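Biologist: Please take one part of this model and look at it closely. Then tell me how that part sits in the rest of the chain.

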Amino acid sequence: MSNYSYSGEINQYNFVFGEFDQASIRKMFERIFATYQPKIKSDMFDSFCEDFYVLVRDIQAPNERIWRMIITDMLFRYHERGYLEEASPDNTIKRKQFAIIANVVLGKLRADH
């Protein structure tokens, strides 16, 4: 019998958010979208930042993997509704782009960055 535990593995990747507010979330995404593709359409940018702020404030999930999934899913949802610019039509490329953005976001939000 193996001693592997998926739940135990998930618990190894916990982290703590640093201080943030709506202005810092907006500033973070301005920098990220200036560097990475795809970008949120300008008329949706404020809504996207507010939506993300509410998620980070309200969801009590300290796990890095769960947050990567949440951020990636959020980007896919915005893409499905046509709110992303320059998104690749290839899902494999999009998934990689969104994973990179999710990792960057988590790096910026981590308390020890």
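**A close look at the helix packing**

Modeller: Glycine 8 counts as partly exposed because its relative accessibility is 31%; the term covers the range between buried (under 20% relative accessible area) and exposed (over 50%), with a 1.4 Å probe and protein chains only. This is a predicted model, in which local features need pLDDT of at least 70, side-chain atom pairs count only at pLDDT 80 or more, and totals for chains, interfaces and linings use all residues. Residues are numbered from 1 along each chain as its sequence is written, and side-chain values use heavy atoms, with hydrogens and water left out.

Glycine 8 sits in helix H1, residues 6-11. Arginine 65 is 57 residues away from glycine 8 along the chain, and their C-alpha atoms are 13 Å apart.

The chain holds 5 helices and 2 strands. Both kinds are DSSP runs numbered from the N terminus: helices are H or I with at least four residues, strands E with at least two. Their order along the sequence is α-α-β-α-α-β-α. The C-alpha atoms fill a box of roughly 55 × 35 × 20 Å along the principal axes. Of the 113 residues, 36% are buried. Contact means heavy atoms within 4.5 Å. Among contacts between residues at least 6 apart in sequence, 71% join residues at least 24 apart.

The part to examine is H3. Helix H3 covers residues 45-58. Its 14 residues should span 20 Å at 1.5 Å a residue, and its end C-alpha atoms are 20 Å apart, which agrees. The expected span is 1.5 Å times one less than the number of residues. Phe45, Phe48, Cys49, Phe52, Tyr53 and Val56 are the buried residues of H3. They lie on the same side of H3, because their arc around the axis is only 135°. That arc is taken from the directions between the helix axis and the C-beta atoms. Four elements pack against these residues: helix H2 (22-35), strand S1 (39-40), helix H4 (64-80) and helix H5 (91-109).

Take H2 next. H2 has 14 residues and reaches 20 Å from its first C-alpha to its last, close to the expected 20 Å. Its buried residues are Ile25, Met28, Phe29, Ile32 and Phe33. They line one face of H2, since they fall within an arc of 120° seen down the axis. Ala23, Ala34 and Thr35 are exposed on the other side of H2. The buried residues of H2 pack against S1, H3, H4 and H5.

The loop between H2 and S1 holds proline 38. A cis peptide bond joins glutamine 37 to proline 38, with omega about -5°.

H5 is another partner of H3. H5 has 19 residues and reaches 26 Å from first C-alpha to last, close to the 27 Å expected. Its buried residues include Phe98, Ile101, Ala102, Val105 and Leu109. Lys94 and Gln97 are also among the buried residues of H5. The cover over them includes H2, H3, H4 and strand S2 (84-85).

H4 also packs against the buried residues of H3. Threonine 72 lies in H4. It counts as buried because its relative accessibility is 15%. Leaving out residues up to four places away in sequence, threonine 72 touches Phe98, Ala99 and Ala102. Of these, Phe98 and Ala102 are among the buried residues of H5.
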